[in-house]
Amino acid sequence: MRARARLGIFLTALGGLLIMVAVFLFAYESKEAEKAERAARELMPKLISQIKEKNEEGSNKDTAEDTVSIDGNDYIGYIKIPKLYLTLPVMSDWSYEKLKTAPCRFSGSLSEESLIIMAHNYKRHFGALDDLDAGDSVQFIDTEGNITDFKVELKELISADSVDKMKSGDYPLTLFTCTYTKKNRITVRCSYA
């Protein structure tokens with residue numbers, strides 16, 4: 001009977017510890033998401049201003065691959081997703097650290113018709129990507145001020161280790177983010193509008 005009571009105490013303590021860890025992880029993720037939302041919100045006016053200044057100076061080379069540098073990071077433009085009320089800067093390359101600030105180019109480019117953009121599943125980044133439906137509008141504005149209109153063609157779930165599948169297909173724009181389990185990627189394929 002004593003062994004059973006000790007096992008019960010141990011399991012109760014373990015359960016309490018696991019609940020505390022879950023609360024800590026939730027608080028940490030919430031804080032990171034809040035920091036990312038604030039960073040993107042502060043970056044957007046700077047990015048729009050630099051794009052405007054760049055184009056007023058007449059440096060338009062009619063290429064979509066130019067970047068704008070802000071606080072040591074290069075941006076290829078920004079993305080607008082009206083249905084999700086999102087306007088977000090897009091960094092020119094990615095790292096886990098950069099993803100904490102803004103969506104990033106995973107690979108490809110507009111000129112090659114193969115741009116793939118990734119972001120965390122933070123609520124104000126790509127957290128609601130799964131809410132997009134076929135036909136929904138997406139815009140990409142490059143550093144030259146060129147607006148490219150897209151529409152959602154399809155959504156798919158791709159396993160985290162299927163990088164080749166992420167890059168496959170004839171879609172000029174792909175957006176993706178992790179599911180909450182991190183085992184899969186919610187992937188949105190877009191065609192020209």
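Where is E113 found? E113 sits in the loop between β4 and β5 (115-118); point 6 returns to this residue.

1. Basis. This is a predicted model, in which local features need pLDDT of at least 70 and side-chain atom pairs count only at pLDDT 80 or more, while totals for chains, interfaces and linings use all residues. Residues are numbered from 1 along each chain as its sequence is written, and side-chain values use heavy atoms, with hydrogens and water left out.

2. Fold and overall dimensions. The protein chain has three helices and nine strands (DSSP runs numbered from the N terminus: helices are H or I of at least four residues, strands are E of at least two). In sequence order the pattern is α-β-β-β-α-β-β-β-β-α-β-β. The radius of gyration of the protein chain is 20 Å, whereas a compact globule of 193 residues would have one near 16 Å (taken over C-alpha atoms; the globule rule is 2.2 Å times the number of residues to the power 0.38). Along the principal axes, the C-alpha atoms fill a box of roughly 85 × 35 × 25 Å. Of the 193 residues, 37% count as buried (buried is under 20% relative accessible area, exposed over 50%, partly exposed in between, with a 1.4 Å probe and protein chains only). Among contacts with a separation of 6 or more, 56% come from residues 24 or more positions apart (a contact is heavy atoms within 4.5 Å).

3. Aromatic pairs. A pair of aromatic rings is described by the distance of the centres and the angle of the planes. The structure holds four such pairs (rings of Phe, Tyr and Trp, the last by its six-membered ring, pair if their centres lie within 6.5 Å; planes under 30 degrees apart are stacked, over 60 edge-to-face, and the rest tilted). One of the pairs is W94 with Y96, which is edge-to-face because the ring centres are 5.2 Å apart and the planes stand at 85 degrees. W94 and F106 make a tilted pair, because their centres are 6.2 Å apart and their planes at 35 degrees. This second pair links distant parts of the chain: W94 is in the loop between β3 (86-91) and α2 (96-99), and F106 is in strand β4 (residues 104-107), twelve residues apart. W94, Y96, F106 and F176 form one aromatic cluster.

4. Largest pocket. The largest pocket holds about 440 Å³ of space (on a 1 Å grid over the protein atoms alone, a pocket is an open set of points where a 1.4 Å probe fits, with protein on both sides within 12 Å along at least five of seven lines; lining residues have an atom within 4 Å of a point). Its volume is the space filled by probe spheres set on the points, which are joined across faces, edges and corners. The lining has 24 residues, and Y96, L99, M118, C178 and R185 lie nearest the centre. Elements supplying at least two lining residues each are α1 (2-56), α2, β7 (147-159), α3 (163-166) and β8 (173-178). By class, the lining has 14 nonpolar, five polar and five charged residues (nonpolar: Ala, Val, Leu, Ile, Met, Phe, Trp, Tyr, Cys and Pro; charged: Asp, Glu, Lys and Arg; polar: the others, Gly among them).

5. M44 is in helix α1 and is buried, with a relative accessible area of 7%. Leaving out residues up to four places away in sequence, M44 touches Y78, T87, L88 and P89. T148, in strand β7, is buried at 18% relative accessible area. With the sequence neighbours up to four places away again left out, T148 touches L110, V138, Q139, F140 and Y192.

6. Positive phi. Most residues other than glycine have a negative phi. Y85 has a positive phi near 55 degrees and is not a glycine. Y85 lies in the loop between β2 (73-81) and β3 and is exposed, at 68% relative accessible area. E113, also not a glycine, has a positive phi of about 55 degrees. E113 is partly exposed, with a relative accessible area of 46%.
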